[in-house]
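Please read them with the model open.

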Amino acid sequence: MKTTDVRVLRAITAIATGQSVVVKGDSDGDGYLVFAADAATPQLLAFMVRHTSGYVRVALPESECERLNLPPMCHRDTALCVSVDVRGTGTGISATDRARTVAALAAGASRPSDFHRPGHVVPLRAGTDGVLGRRGAAEAAVDLAGLAGRRRAAALCEIVSRRNPALMARGAELTEFAVQHGLPVVSLEELVAYRRRTEPQVTRLTQTVLPTWAGDSRVIGFRDAHHGGEHLAMIVGSAGAGVPVPLHVHVECLTGDVFGSKACRCGGELNGALAQMSARGSGVVIYLRPPGPPRACGLFPRRADPMPETVAWMLRDLGLYALKLSDDMPGLGLVMFGAIRERGIGTTTLAAAG
């Protein structure tokens, strides 16, 4: 098992058992103390307030914010909602009072009328797709709670630096804090990678037989599970399970694929791959269409290509676990190669035609 997966699983286990974890932001960003909101206790809140800024938030799915009538606090930041206290608390500021409010925000039976506004706990809207939609602390907190089998709601707050209490803890200091208190630590990047590896990233939409100059081919359409991009898998000839099949991964290029632009190699590489597959009698082309405006070399600014996990999940859906990779295949770098191998798909090298 990958070391990064072990760290994610430790964090999930801690959240499941009602403990806190440390979530590190991307690069050298702030770190957050996080626990499942439905596990809130005065002890967890007291520990959080002692070691953080004390600005306690509860990350909730957008649907829950709507259900509980939690409007944005201001138009500039629509994620932060109007602060609340659950009815029946004292001043609302103590660890005991805030623990009750945090737990009430996570409760499925709670109603809008159960809360005073404003209060001492700030609800925070998390994006619909979690860290796969937006790489933020709120999304990571909700994802961890959901992966742990708890209500998708989590308390979070930035950890304060012990070396300089006027600043937030970052980098190695976050790891030191986690070790001192026996807390799992996980980064946004690790959580993103874990979800991409363990959750299907595409949905099969349609299938047909398409007559082309390279012969009749079976074409299967997919949609990206989170960003809406639509992709194709073209199977040329036979592609039986267990028999190594040539693979070509291609990212859509309007100018090169459609108009034959000589400003890039895209169209020529695609046609060359199809010609080789037609001659050999087998092959698979994965044609990726990222969301947004068409990709067109020399016309629009180049956008980030789809993640390699998209290719791996498409191949898995097709039942292809043995591939021949052309040694001059564009776009299939070490990262994509590794993602394919992680899915249990065997690979060999296919020499390019001279």
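Predicted model: local features only at pLDDT ≥ 70, side-chain atom pairs only at ≥ 80, totals over all residues.

At what angle do the axes of helix H1 and helix H5 cross?

1. Helix H1 covers residues 3-16 and helix H5 covers residues 137-147; their axes come within 8 Å and cross at roughly 75 degrees. Since angles of 65 to 115 degrees count as roughly perpendicular, H1 is described as roughly perpendicular to H5.

2. The contact between these helices is made by Ala11, Ile12 and Ile15 on the H1 side, with Leu144, Ala145 and Leu147 on the H5 side. Sorted by class, the H1 contact with H5 has six nonpolar residues, with no polar and no charged ones.

3. The largest nonpolar core has 34 residues. Val22, Phe35, Leu70, Val102 and Leu105 are the residues with the most contacts inside this core. Elements giving two or more residues to it include strand S2 (31-36), strand S5 (115-126), strand S6 (154-158) and the helices H2 and H6. Helix H4 supplies the largest share, five residues.

4. Setting aside residues up to four places away in sequence, Phe35 touches Ile15, Gln19, Ser20, Ala40, Leu44, Leu45, Met48, Val102, Ala154 and Ala155. Among these partners, Val102 is also listed with the residues that have the most contacts inside the largest core, and Ile15 also takes part in the contact of H1 with H5.

5. There is a second, separate core, with 33 residues; Val8, Ala59, Ala138 and Val142 are among them.

6. How many aromatic pairs does a search of the whole structure find? It finds one. Phe47 and Phe177 form this pair, which is tilted, with 6.2 Å centre to centre and 35 degrees between the planes. Phe47 lies in helix H2 (residues 42-51) and Phe177 in helix H6 (residues 172-181), so the pair ties together parts that are 130 residues apart in sequence.

7. Phe47 counts as partly exposed because its relative accessibility is 23%, whereas Phe177, at 3%, counts as buried. The cut-off for buried is under 20%.

8. Ser282 is found in strand S12, which spans residues 282-288. With a relative accessibility of 14%, Ser282 counts as buried. Beyond its neighbours within four places in sequence, Ser282 is in contact with Val236, Gly237, Ser238, Val245, Pro246 and Met277.

Definitions and conventions: Residues numbered from 1 in each chain as written. Heavy atoms only, no water. Axes fitted to C-alpha atoms, helices over the stretch in contact; angles between N-to-C directions. Helix = DSSP H or I, 4+ residues; strand = E, 2+ residues; numbered from the N terminus. Parallel < 35°, antiparallel > 145°, perpendicular 65-115°, else oblique. Contact = heavy atoms within 4.5 Å. Nonpolar A, V, L, I, M, F, W, Y, C, P; charged D, E, K, R; others polar. Buried < 20%, exposed > 50% of the residue type's maximum accessible area, 1.4 Å probe, protein only. Phe/Tyr/Trp six-rings, centres within 6.5 Å; stacked < 30°, edge-to-face > 60°. Core = buried A, V, L, I, M, F, W, Y, C linked by side-chain atoms within 4.5 Å.
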